[in-house]
Amino acid sequence: MTELDVDRLTTVIEDFNTIFIRLPGVRRLNFSALSVLHTLDRGGPLRLTDLLATEQLKQPALTSLVAKLEQDGLLERRADPTDGRASLISLTAAGAEIVSSRHAHRVGKLAHLVDQLTPDERAVLANSVDVLHRLTQISREETP
């Protein structure tokens, strides 16, 4: 059994993320705005306090960003049915379209790269998908 070089794995993931997350501009949204849209797409409607736990922004900055995205028609707020004092933030159809479009672009970009791998490399990559998914799950479970 091969020993895992976690330092090398970390570097490779960082390098992959650097090239993979860079996509053509979408309505001139910055990384923080796109991150909020992505989080809401994956996590469903959330309270602002729940978004604070996932986004690396201070509350005033996130509040301002959410207001801007709401004004731009990408997010909407509605009353939280479990707590009338709070509101839930969710994507509008326009916000969901941005996330969907970016995902489709990434799928295309990754498919192009994967096509350049050997059959053996593609098999290794295919077998790694579940492991990477499990690491993501573990991380989410450990995040308060």
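User: Before anything else, what is a salt bridge here?
Analyst: A salt bridge is a side-chain nitrogen of Lys or Arg within 4 Å of a carboxyl oxygen of Asp or Glu. The model is predicted, and by that rule it has six salt bridges.

User: Which residue does arginine 42 pair with?
Analyst: Its partner is aspartate 41, and the closest N and O atoms of the two are 2.8 Å apart. That is within the 4 Å cut-off, so the pair counts as a salt bridge.

User: What does arginine 47 meet?
Analyst: The side chain of arginine 47 forms a salt bridge with that of aspartate 83, at 3.4 Å from N to O. Arginine 47 lies in the loop between helix 2 and helix 3 (48-54), while aspartate 83 is in strand 2 (residues 83-91), so the pair ties together parts that are 36 residues apart in sequence.

User: And is each of them buried or partly exposed?
Analyst: Arginine 47 counts as partly exposed, at 25% relative accessibility. Aspartate 83 has a relative accessible area of 15%; buried means under 20%, so aspartate 83 is buried.

User: Which arginine meets aspartate 83 in a salt bridge at 3.0 Å?
Analyst: That is arginine 85, with the 3.0 Å taken from N to O. Arginine 85 is exposed, at 77% relative accessibility. Salt bridges with shared partners join Arg47, Asp80, Asp83 and Arg85 into one network.

User: Why do such pairs form in general?
Analyst: Side chains of opposite charge can pair when their charged atoms come close.

User: Let me step back. How many helices and strands are there?
Analyst: The chain has six helices and two strands. Starting at the N terminus, the order is α-α-α-α-β-β-α-α.

User: What about the overall dimensions, and how much is buried?
Analyst: Along the principal axes, the C-alpha atoms fill a box of roughly 55 × 30 × 25 Å. The chain has 144 residues, of which 24% count as buried.

User: Where is serine 35, and is it buried or exposed?
Analyst: Serine 35 is in helix 2, which covers residues 31-43. Its relative accessibility is 19%, so serine 35 counts as buried.

User: What does its side chain touch?
Analyst: The side chain of serine 35 makes a polar contact of 2.5 Å with the side chain of glutamate 55.

User: On to the surface. Which residues make the patch of negative charge?
Analyst: The negative patch is made up of Glu3, Asp5, Asp7, Glu14 and Asp15. One of these, glutamate 3, sits in the segment before helix 1 (6-20). Glutamate 3 is exposed, with 74% relative accessible area.

User: Which residues form the nonpolar patch?
Analyst: Ile13, Val131, Leu132 and Leu135 make a nonpolar surface patch of about 330 Å².

User: Which helix gives the most to it?
Analyst: Helix 6, residues 119-142, gives the most, with three residues. Leucine 135 is in helix 6. Leucine 135 has a relative accessible area of 45%, which puts it in the partly exposed class.

How values were computed. Residues are numbered from 1 along each chain as its sequence is written. This is a predicted model: local features need pLDDT of at least 70, side-chain atom pairs count only at pLDDT 80 or more; totals for chains, interfaces and linings use all residues. Side-chain values use heavy atoms; hydrogens and water are left out. Helices (H or I, at least four residues) and strands (E, at least two) are DSSP runs, numbered from the N terminus. Buried means under 20% relative accessible area, exposed over 50%, partly exposed in between (1.4 Å probe, protein chains only). A polar contact is a pair of N or O atoms within 3.5 Å; within protein, one must be able to donate a hydrogen and the other to accept it, and residues adjacent in sequence count only if both atoms are side-chain atoms. Patches are made of residues with over 30% relative accessible area and no salt bridge: like charges are joined within 9 Å, nonpolar side chains (Val, Leu, Ile, Met, Phe, Trp, Tyr) within 5 Å. Accessible areas come from the Shrake-Rupley method with a 1.4 Å probe; for residues, only the protein chains shown count as cover. Lys and Arg count as positive and Asp and Glu as negative; His and the chain ends are not counted. The place of a charge is taken as NZ of Lys, CZ of Arg, CG of Asp or CD of Glu.
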